[in-house]
Each structure stands twice: as structure tokens, then as C-alpha cells.
Amino acid sequence: MPAECAWRRLVSLSLRLLLVIPAGLPVRSQVEAQSDNTVMDNITVQQGQTVHLSCSQGDVVTHTAWLNRSSILYAGEDKWSVDTRVSLVTFNRDEFTIKIENVDVSDEGMYVCAVQTSSKPRTTSVHIIVQVPPKIVSFSKDLVVNEGSNVSLMCLANGKPEPAISWRSHSIQDDDVDLDDEYLEIPFVSRSKAGLYECTAANDIATDSKTVKLVVNYPPRVFEATDVGVTLGQSGVLQCEADAVPVADFEWYRDDRRVFNGLDGIEIKNAGAVSKLTFYNMSETDYGNYTCVAINKLGSANTNIILYEVIEPTSSTLLQEMTSSVVEQTANEYNQLWEGPGAVQDGNSGTVGTYTPLCLIVALQLLLAF
Ligand SMILES: *[C@@H]1O[C@H](CO)[C@@H](O)[C@H](O)[C@H]1NC(C)=O
Ligand SMILES: *[C@@H]1O[C@H](CO)[C@@H](O)[C@H](O)[C@H]1NC(C)=O
Ligand SMILES: *[C@@H]1O[C@H](CO)[C@@H](O)[C@H](O)[C@H]1NC(C)=O
Ligand SMILES: *[C@@H]1O[C@H](CO)[C@@H](O)[C@H](O)[C@H]1NC(C)=O
Ligand SMILES: *[C@@H]1O[C@H](CO)[C@@H](O)[C@H](O)[C@H]1NC(C)=O
């Protein structure tokens, strides 16, 4: 154990200095042969905390000291260390205790209490282990990439013991990539990989985590639109939806002419992924073949919507329709009456009029006129 040998040598050297042992004496062998060395349990302490170092004294102690490696911190009540974090707690016949406040990683190591009695020297050593909670010190900033790029997210953390890194995201599965590496590599990134990525650094003491947002750009895809029928003089809406990142801009064309917002009772309204072209008062010339084009910086896509006329039943056409349907029904009953069961009916019979009593039509027309 070279480390132990090293500190023993240092202790003996320090004791030699402290106790002013004549240089000629074989101190080293004396200490090793006759000293009583105790190794205490390791002290584990978190960075920033205070640690107490205590050793028992006993009878006829002539000299005593606490050492940090080769340097004496306290020789009896006398402070040798210039470090303000080090101070004396107890010094009496039984106990010699000092404390180190605001412990840092550099304080880690072996501390030795050397006691010189009238009979033989004695040392008590203790190893201080300083733990540091994890801290993510270097982390990727929010990232915007184009689909197909190779993405690398970074998460570097400090801590003692060395923290373990793990990545988590709703956008990624375990088998896709290595989620336990400081660098999360996503080759040929697809749009489904966009989202939040959380990195967690964990050790025995605590965890630290940070989240980065990944945006994946891709060209527009326009959803198939349905054709729209509108009655003359009514209002009508053509609707176009596009999936794109960044959000698409929309352009509307009728045949090859651009249609602009505010033109003759036309309004174009874009809200996120949807564009609406509204006609407030449909005119004959509005009907036609419209094209919606969705554009972002990665490309464009389009779809065609036919705006066609719907003839709305007016009161007179309504009357005609109702009359003919009632008449048809009546005629069918009449036919059945005469042809008897088993007769096959033709629903679209063009001969309705011939079987229908004229008075019935007149009565119905009178009825409906009110
Ligand atoms: C104390 O810590 C040292 C260094 O980490 C280690 O080698 C040793 O085994 C520990 N001793 C005990 C008793 O835990
Ligand atoms: C102990 O020694 C190390 C190495 O010289 C030093 O960095 C550290 O500050 C010392 N700690 C105390 C409490 O004296
Ligand atoms: C992405 O990485 C692959 C290898 O993993 C490489 O072949 C390709 O050229 C890289 N693409 C870019 C855009 O760097
Ligand atoms: C719709 O347009 C027609 C023909 O241009 C016009 O006569 C009518 O008053 C308009 N209707 C409305 C509600 O503006
Ligand atoms: C509408 O116009 C597009 C081109 O502008 C054309 O490809 C499409 O066939 C047209 N649709 C109809 C029904 O005419």
C-alpha cells in the first residue's frame, strides 16, 4: 500500500519536526515498530458541509497534532493552518477535535492525528471522502434542424461520484439510440423525433436534469380537400389544411390567377395549419377550379378544389317536387288496385300522369298554395 507508506513517512517526518527529535535517531523504524496506528472508518461528507475530526488523548500526552497530508493543521491548541475554514473545537485531556467547514473536493484525503505520549507515539488516521451532487454544466441549446439531418444532443455533468447520464423523451424509443450517453446521437432525424428531450445526471447523492427542445423542419403536405357546392347569392367557404414545420404560408389561385384577400367580397384567413377562402355573396363568375398552395422554406404542396353551383329549390320548384312525389305515390296505389298483387311496380314510371285523376292534382295544388 504505497499511499499508506507515504503518509506514514510524512507523519514520522512531521513528528520529528514537531517533537524536535534529534536528527540522528532512527525515527522511522521507531514509529513503525512501536507506534500504535488506528485507521478509523472513512468519513463521507458532502461538498459545503462541515466535518469534525476527533481523536482521543489519554494520559501523559506530551505533544499532539492534526495533519492534512504533510501539513500540520493544529499542534495542540496552536493553529498552524492558515485556512480560515479550519478551527479548534475541543482540546482537553481526553479529546482533541478540530473541524473543517465548507468542505471542498480538494480537502479529500487522509487526515492524521499524531499523539506523542511518554511511552510511545500513536496515530489515528481517517480518510475524508467528499461527495458532490451532480450538476449539468454543459447542455445543448434548443435546436431547429431540417428533416434528415444528423442530430447530436449534449449533456455534460460534474459530480462525485461520477454521475450517470440518461436521456428521456416521448419522441424516442430505447432501441433507436443509446440513451445513456452524454451525447445523444439521432441520425437522419425524422419529424416524429421532434419534441422535448430531458437529460438526467444522477449519483448517490442527488440528480440534476435539464430539458432541450428539438424542432424538425419539413416541407408542407396538403390534405386532400373536398369540392364545395354553393348556391348563387349565398356564402361559401373553401378550406385547405397543410401539415408543415415551420407553419406554411398559403396562396390561393383560380385557374392560374392569384386570388387575393379583400377582392370582391372575398376573404382569405389563415389560422395555423388552415387557410379559409370565404365568398360572402356567391356570383356566377366565382364558380371554378381553385388551387390552394402551401409554402414554407423547405418546399410547397397544393390541392385543387372545385367550387360548383348548387341550385337551391325555390318555392315553385319545391311545389313541383312535392306534387309529383305525392302524385307518384297515389298513382302507385291506384296501379296496385287495378293490377292486383304480384304486379311489379316501376318506381320511375313515366306514365304517372295517365293514371292520375286530374281533380286530385288540382286539389293538391290548391292545398299547397295556402
Ligand atoms: C475508504 O476510502 C478509500 C478510498 O476511497 C478506500 O480505498 C477504502 O477501502 C475505504 N475504507 C473503508 C473502511 O471504507
Ligand atoms: C488539505 O491539503 C490539500 C492539499 O494540499 C489542500 O488542497 C486542502 O485545502 C487541505 N485542506 C485543509 C482543510 O487543510
Ligand atoms: C449523417 O451521418 C451519416 C453516418 O451516420 C453520414 O453518412 C451522413 O453523411 C451524415 N449526414 C450529414 C448531413 O452530415
Ligand atoms: C349579392 O350580389 C347580388 C348581385 O351582385 C346583389 O344583387 C345582392 O344584393 C348581393 N347580396 C348581398 C347580401 O350583398
Ligand atoms: C383543376 O386545375 C388543375 C390545374 O390547375 C387541374 O390539374 C385539374 O385537373 C383541374 N380540375 C378539374 C376538375 O378540372
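**Note on the predicted model: pocket, ligand contacts and backbone geometry**

1. Strand β20 (residues 257–259) gives the largest share of the lining of the largest pocket, three residues. Strands here (E, at least two residues), like helices (H or I, at least four), are DSSP runs numbered from the N terminus. The model is predicted, so local features need pLDDT of at least 70 and side-chain atom pairs count only at pLDDT 80 or more, while totals for chains, interfaces and linings use all residues. Residues are numbered from 1 along each chain as its sequence is written, chains are lettered from A and ligands numbered from 1 in the order in which they are written, and side-chain values use heavy atoms, with hydrogens and water left out.

2. The space in the largest pocket comes to about 230 Å³. A pocket is an open set of points on a 1 Å grid over the protein atoms alone, where a 1.4 Å probe fits, with protein on both sides within 12 Å along at least five of seven lines; lining residues have an atom within 4 Å of a point. Grid points are joined across faces, edges and corners, and the volume is the space filled by probe spheres set on the points.

3. The lining of the largest pocket includes Arg254, Asp255, Arg257, Arg258, Asp264 and Asp286. Also among the lining residues are Val259, Leu263, Ile266, Phe279, Thr285 and Tyr290. By class, the lining has six charged, five nonpolar and one polar residue. In this scheme Asp, Glu, Lys and Arg are charged, Ala, Val, Leu, Ile, Met, Phe, Trp, Tyr, Cys and Pro are nonpolar, and the others, Gly among them, are polar.

4. Ligand 1 has Asn42, His127 and Ile129 around it, where a residue is near a molecule if one of its heavy atoms lies within 4 Å of it. An oxygen atom of ligand 1 is 2.4 Å from a polar side-chain atom of Asn42; a polar contact is a pair of N or O atoms within 3.5 Å, and within protein one must be able to donate a hydrogen and the other to accept it, with residues adjacent in sequence counted only if both atoms are side-chain atoms. Of the 360 Å² of accessible area that ligand 1 has on its own, the protein covers 31%. Accessible areas come from the Shrake-Rupley method with a 1.4 Å probe, and for residues only the protein chains shown count as cover.

5. Around ligand 5 are Asn289, Asn304 and Ile306. An N or O atom in the side chain of Asn289 lies 2.3 Å from an oxygen atom of ligand 5. The protein covers 34% of the 360 Å² of accessible area that ligand 5 has on its own.

6. Most peptide bonds are trans, and most residues other than glycine have a negative phi. The bond from Lys160 to Pro161 is cis, with omega near 0 degrees, and Pro161 sits in the loop between β12 (151–160) and β13 (164–168). Pro161 is partly exposed at 32% relative accessible area; buried means under 20%, exposed over 50%, and partly exposed in between (1.4 Å probe, protein chains only). Pro161 and Ala202, 41 residues apart in sequence, are 9.3 Å apart C-alpha to C-alpha.

7. A cis peptide bond also joins Val245 to Pro246, with omega near -5 degrees. Pro246 belongs to the loop between β18 (236–245) and β19 (249–254).

8. Arg69 is not a glycine, yet has a positive phi of about 50 degrees. Its place is the loop between β4 (61–68) and β5 (71–75), and Arg69 is partly exposed at 42% relative accessible area. Asn102 has a positive phi near 45 degrees and lies in the loop between β8 (95–100) and β9 (109–117). Asn102 counts as partly exposed, at 48%.

9. Ser169, in the loop between β13 and β14 (183–186), is buried at 16% relative accessibility. Its side chain reaches the backbone nitrogen of Ser171 at 3.0 Å, and a polar atom of the Ser169 side chain lies 2.9 Å from the backbone oxygen of Leu196. Gly195, in strand β15 (residues 195–202), is partly exposed at 22%.

10. Tyr287 lies in the loop between β22 (274–279) and β23 (288–296) and is buried at 11% relative accessibility. Tyr287 and Leu307 are 20 residues apart along the chain, and their C-alpha atoms are separated by 5.2 Å.
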